[in-house]
Amino acid sequence: EVAGHVHQQKELPQSRKADDEGAKDSFPRDQSLLSEETIHKICEFVILDYYFFDFEPPASCREQVQSDMLEIREMPLLTEEE
């Protein structure tokens with residue numbers, strides 16, 4: 001109770017995981033509705049998702065993501081001495 005008012009806690013909606021049935025299929029995927037510039041901006045914004053998660057980048061971004069991944073794999077690992 002705060003200042004004479006009863007505080008009611010609202011229930012949070014249950015989150016969905018990508019492995020939930022249909023979770024990945026619920027997002028609209030009609031990229032023809034987006035300009036190439038918009039697709040590239042989206043790719044730049046979510047590029048880490050393509051690196052770390054099982055998300056397939058759009059065809060127009062795939063070459064950049066693959067190139068980045070090759071560059072990341074070729075980076076020398078830091079040692080404790082560095």
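The legends below describe close-up views of the disulfide and the salt bridges in a predicted model. Local features need pLDDT of at least 70 and side-chain atom pairs count only at pLDDT 80 or more, whereas totals for chains, interfaces and linings use all residues. Residues are numbered from 1 along each chain as its sequence is written, and side-chain values use heavy atoms, with hydrogens and water left out.

**View 1. The disulfide between Cys43 and Cys61.** The structure holds one disulfide, defined as a pair of cysteine sulfur atoms within 2.5 Å. Here the S to S distance is 1.9 Å. The link is right-handed, with 90° about the S-S bond. Helices (H or I, at least four residues) are DSSP runs, numbered from the N terminus.

View 2. Cys43 is buried at 4% relative accessible area, and Cys61 is buried with a value of 4%. Buried means under 20% relative accessible area, exposed over 50%, and partly exposed in between (1.4 Å probe, protein chains only).

**View 3. The salt bridge of Lys41 and Glu37.** Two salt bridges are present in the structure; the term requires a side-chain nitrogen of Lys or Arg within 4 Å of a carboxyl oxygen of Asp or Glu. In this pair the N to O distance is 3.2 Å. Lys41 and Glu37 are four residues apart in helix H1, which means a separation of about one helical turn. Both residues are exposed.

**View 4. The salt bridge of Arg62 and Glu56.** The closest N and O atoms of this pair are 2.9 Å apart. Arg62 is partly exposed, at 29% relative accessibility, while Glu56 is exposed, with a relative accessible area of 59%.

Definitions and conventions. Helices (H or I, at least four residues) and strands (E, at least two) are DSSP runs, numbered from the N terminus.
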